[in-house]
Amino acid sequence: MVSVRCRPPPSSGPLRSKMNATVSLAGRLMTSSPVCSMMRLATFGALACALPSTPTPPVAVTTPVPRGLDPLDGLSIETNEIPGVGTTPFAAPTAPALLRTPNYDPDVALTTPQLVALHGYPSESHVVRTEDGYLLTLHRIPGGRSHQGPSGGAAARPVVFLQHGLLASSADWVLTGPGKSLAYILADSGYDVWMGNARGNTYSRAHVSLSTKDSAFWNFSWHEIGFYDLPAAIDHVLQVTGQKSLFYIGHSMGTTTFYVMMSTRPEYNDRVMAGVLLAPVVYLGSCRSPIRYLAPYADDYQYLAHLFGADEFLPQNAALQFFAKYGCELAMFELKLCENSIFVICGFDKDQVCFPAVLSHTPAGTSSKTVTHFAQSILTGKFKPFGASPDTPEYDLSKVTVPTAAFYADNDLLSDPRDVEHLFQKVPMKLGKFRVALPSFNHLDFLWGKNAKKLVFDDVLAVLGRFGAQTIRNRSFAVLNYYRTLLQQSGRKYVYGHAPFPGRTTDVEQESTESTQDSR
């Protein structure tokens, strides 16, 4: 047994309340010797989770109204987010009158549509009902700051759907601001941008008959998100815009759910023009994150969580919001705590991410079952449904006919390059693998990295730009001709009759084609 000795606490005054004692203990651990770093992280997490998980209503932004569908959860939604048609534009909000520090960032107190409106972009919220009764909020940026175009029909902008990762929300795509966040870059580049929110996160905590206090509400994993949430969202987006297909961009779990949808509901292959995968986590057998050491205990954790009524995992709460607004700005050691608690899981990169705004929206919550499902994938190295036995077949990726491009990084501890290569050997249609040209780039830098535009987003725009107006109107034409181009490059029989796929073939596509030949 290893004994760890921390610096003894100073002498204390009169007996304080239980919470004050906990805060004091956390403070002593944070300033103790480096060998207690894991204890500091665990204590900080326990302290944050011990406080009420329900966020306080926003102050002086808009008048909150009861959600109505779940009066027990104590949540509120903005008056301009009431379920309905969802086409009412948002007015730029006024920052609430809260305690200021010299480096206080008012953006951390705003919701996703408020952030979008604050920067001068048109903003909409739409509520979608899934087949199994969950109510999901979609956020939309129909154009750039000077957008005057149509909101639907054949002449409208091409549509891009963005899906977040684990413990995240639509806010991921707008946190770093115009010119840096992918949602703004896409809107300024002529796209109609939609951002999804998976069931159970900050913006999708409602059901037609279940309360968030019910265990049944949290009885889902990323399988249900892919099987129910994404199809409902895509159907709504295509109905509103009048388009026949859209582009899909997913990060982390957003790539997992993408392949669940495409393999279990293959009819949606015809509704997605192309898929862009940022830090894909489909296969996790080579995951290098320290969370792999916790994976063997995930089933036990989920059982205990269900037994004690803790089926929700890491919601956004008052403690995390406080640290987001003030904690990371009070002193250097708080900033390092905020950084290292994330770096230990995703990969170290101290120069890329600004954390106060991130912590105000992340974690956004999910179910314990979702986390357990990922742990099962780490243990088995397979892409299977929740609780699958060794005899259960994997998701059939041969049914995924959507052309996909994958972006990955060497310092990503969750999405290992070997797992990305394994994925690309399974899927038939490939636009290429793109390796980020920065050794320190990690899992979260794909969203919030200071150099993400130059290193990733410019290439994403290039991939989407390969599909011109004609191919957007007819996805089948694009897929057919790209497949014929691959056949021609591989030396196999080429069927004439159509023009080649628009644009030249890049080196990364040649590399993926060669890997496909080798796998044959």
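This is a predicted model: local features need pLDDT of at least 70, side-chain atom pairs count only at pLDDT 80 or more; totals for chains, interfaces and linings use all residues.
A residue counts as partly exposed when its relative accessible area falls between the buried limit of under 20% and the exposed limit of over 50%. Glutamate 267 has a relative accessible area of 37%, so this residue is partly exposed.

Arginine 265 itself sits in the loop between α6 and β8. With a relative accessible area of 11%, under the 20% limit, arginine 265 is buried. Its side chain also makes a polar contact of 2.7 Å with the side chain of glutamate 131. Beyond its neighbours within four places in sequence, arginine 265 is in contact with Glu131, Phe227, Tyr228, Pro231 and Val260.

Eight strands make up an open sheet with mixed pairing, in the order β3-β4-β6-β5-β7-β8-β11-β12. At its edges are β3 (124-129) and β12 (430-435), each of which pairs on one side only. Direction ignored, neighbouring strands of this sheet are turned by 20° against each other on average. Strands of a sheet pair through backbone hydrogen bonds, in either a parallel or an antiparallel sense. For β3 and β4 (residues 135-141), the pairing is antiparallel and extends over six bridges; here valine 128 stands opposite leucine 136 in β4. Helix α6 (residues 253-264) packs on the sheet, where it touches β5 (159-163), β7, β8 (272-278) and β11 (404-408), and its direction makes about 130° with that of β7. Helix α12 (residues 417-426) lies across β8, β11 and β12, and runs at about 170° to β11.

Within the sheet, histidine 251 is worth a visit. This residue belongs to strand β7 (residues 246-251) and is buried, with a relative accessible area of 3%. The side chain of histidine 251 reaches the backbone oxygen of histidine 443 at 2.9 Å. Although histidine 251 and glutamine 163 are 88 residues apart along the chain, their C-alpha atoms are separated by 6.6 Å. Not counting residues up to four places away in sequence, histidine 251 touches several residues, including Trp173, Leu278, Phe446 and Leu447.

Across the whole structure, a search finds twelve salt bridges. One of them pairs aspartate 132 with arginine 199, with the closest N and O atoms 2.8 Å apart. This pair links distant parts of the chain, 67 residues apart: aspartate 132 is in the loop between β3 and β4, whereas arginine 199 is in the loop between β6 (192-195) and α5 (222-241). Aspartate 132 counts as partly exposed at 25% relative accessibility, while arginine 199 is buried at 1%.

Glutamate 421 and lysine 433 also meet through their side chains in a salt bridge, at 3.4 Å from N to O. Here the link runs between helix α12, which holds glutamate 421, and strand β12, which holds lysine 433, twelve residues apart. Glutamate 421 counts as partly exposed at 23% relative accessibility, and lysine 433 counts as buried at 6%. Finally, Glu124, Arg140 and Asp192 are linked in a network of salt bridges.

Technical notes. Residues are numbered from 1 along each chain as its sequence is written. Side-chain values use heavy atoms; hydrogens and water are left out. Helices (H or I, at least four residues) and strands (E, at least two) are DSSP runs, numbered from the N terminus. Buried means under 20% relative accessible area, exposed over 50%, partly exposed in between (1.4 Å probe, protein chains only). Contact means heavy atoms within 4.5 Å. A polar contact is a pair of N or O atoms within 3.5 Å; within protein, one must be able to donate a hydrogen and the other to accept it, and residues adjacent in sequence count only if both atoms are side-chain atoms. Two strands pair if DSSP finds at least two bridges between them. Axes are lines fitted to C-alpha atoms, for helices over the stretch in contact, and angles run from 0 to 180 degrees between N-to-C directions. A salt bridge is a side-chain nitrogen of Lys or Arg within 4 Å of a carboxyl oxygen of Asp or Glu.
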